[in-house]
Amino acid sequence: MTLRLFDTETRAVRDFEPLVPGHASVYLCGATVQGEPHIGHVRSGVAFDVLRRWLEAKAFDVAFVRNVTDIDDKILRKAGEAGRPWWEWKTTYERAFTRAYDALGVLPPSVEPRATGHITQMVDLMQRLIDAGHAYASDGNVYFDVMSFPEYGALSGHKLDDVHQGESVGQGKRDPRDFTLWKAEKAGEPSWPTPWGRGRPGWHLECSAMAEFYLGGTFDIHCGGMDLVFPHHENEIAQARAAGDGFARYWLHNGWVTMGGEKMSKSLGNVLSIPNVLTRVRAQELRYYLAAPTTGRCSNTPTRRWPRRPQPTGDSSRSCSRHVTGPATFPSERGPTRSPTHSTTISGCPRRSPRSTAGAVRATKHSTTET
Ligand SMILES: [Zn+2]
């Protein structure tokens, strides 16, 4: 019996061959605990809970790591705007995510490490990168030198000329394509000591450091939402492999949740909160919808209305192997009479997809196959 997974990095369905027979080591990028979770936030937790349960059902001993990003610009900003301590803010919403995962039947991970609890590992990793010539310190910041890593872009398909990290220019950054490993201390923000000055971690650094700490330099599966392929996972690979680790052997990505063709996002104001949805449907139904990717057509178009259960969209000859689509339509939080043209869909078909996102996920119940 062979488990077959769609691997984003190779853009191919591959037989799952664990590093250690009978064991499976899995790292899932968890939540940034900045606010109340909406259903888009927990899709990866549900999708890869299915993968984990599948592995365990096949008698694998699974080490499943799902981190908590508990230090971040948004956490600090929102806590500040609310006049609350950042540590109270992030703890409050970490608990909210835990409640959501519990409600949806997501098993607790083997370990749930917080970024702020792994500064030592991050400092060690930065030191290795600086020693190897892949990173540099400047004015209290530490940056990764993208041009020093020839394989950069292999996961996402980004060409170096097209790289935009989505972060500020950065004090002392030598090349705008470089990304931040460590942010220099700012007044009023929490900070930790390093050999290069006090500061706080950049987002990408934590996952490479924690994955290595818990799962070793080389492990089996790294997973997360499709929107993390670039820059987050690209940068995780650069950090880990430039430091000499093999890192993940399989990369799996789930599609995101969309509403009216747009990614569900607080910044777009189109979110469905989990407590609200659970007043309308049972938790099992929400879990089913979030876990059901199907191998559908490459489309954001909803194919049926809630609460009918989704059916496979069938006809693989017309399917787009790059994407997964969940044919679910949710009722609006603003009322039941919403126009179908604005209905909510669950879909993995990104609107702005670099060739990179070739790696839609086949890591869930319907698309993980055994032969
Ligand atoms: Zn991550």
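Guide: Of the chain's 371 residues, 50% count as buried. The model is a predicted one. Its chain holds 8 helices and 15 strands. Take the contacts with a separation of 6 or more: 76% of them join residues 24 or more positions apart.

Now the part itself, Aspartate 70. Aspartate 70 sits in a loop.

What does Aspartate 70 touch, leaving out residues up to four places away in sequence? The partners are Val33, Lys90, Glu94, Arg114, Ala115 and Thr116. Tryptophan 89 is 19 residues from aspartate 70 in sequence. In space, their C-alpha atoms are 9.4 Å apart.

From the loop, turn to a pair of helices. Helix H4 spans residues 119-131, and helix H5 spans residues 203-215. Their axes come within 9 Å and cross at roughly 100 degrees. Angles of 65 to 115 degrees count as roughly perpendicular, so H4 and H5 are roughly perpendicular to each other. On the H4 side, Gln121, Met122 and Leu125 make the contact. H5 brings Leu205, Glu206, Ser208, Ala209, Met210 and Phe213. By type, the residues of this H4 and H5 contact comprise 6 nonpolar, 2 polar and 1 charged.

How values were computed
Residues are numbered from 1 along each chain as its sequence is written. This is a predicted model: local features need pLDDT of at least 70, side-chain atom pairs count only at pLDDT 80 or more; totals for chains, interfaces and linings use all residues. Helices (H or I, at least four residues) and strands (E, at least two) are DSSP runs, numbered from the N terminus. A residue is buried if 20 or more other C-beta atoms lie within 10 Å of its own, exposed if 12 or fewer, and partly exposed in between; C-beta atoms are placed from the backbone. Two residues are in contact if their C-beta atoms, placed from the backbone, lie within 7 Å. Axes are lines fitted to C-alpha atoms, for helices over the stretch in contact, and angles run from 0 to 180 degrees between N-to-C directions. Angles under 35 degrees count as roughly parallel, over 145 as roughly antiparallel, 65 to 115 as roughly perpendicular and the rest as oblique. Ala, Val, Leu, Ile, Met, Phe, Trp, Tyr, Cys and Pro count as nonpolar, Asp, Glu, Lys and Arg as charged, and the others, Gly among them, as polar.
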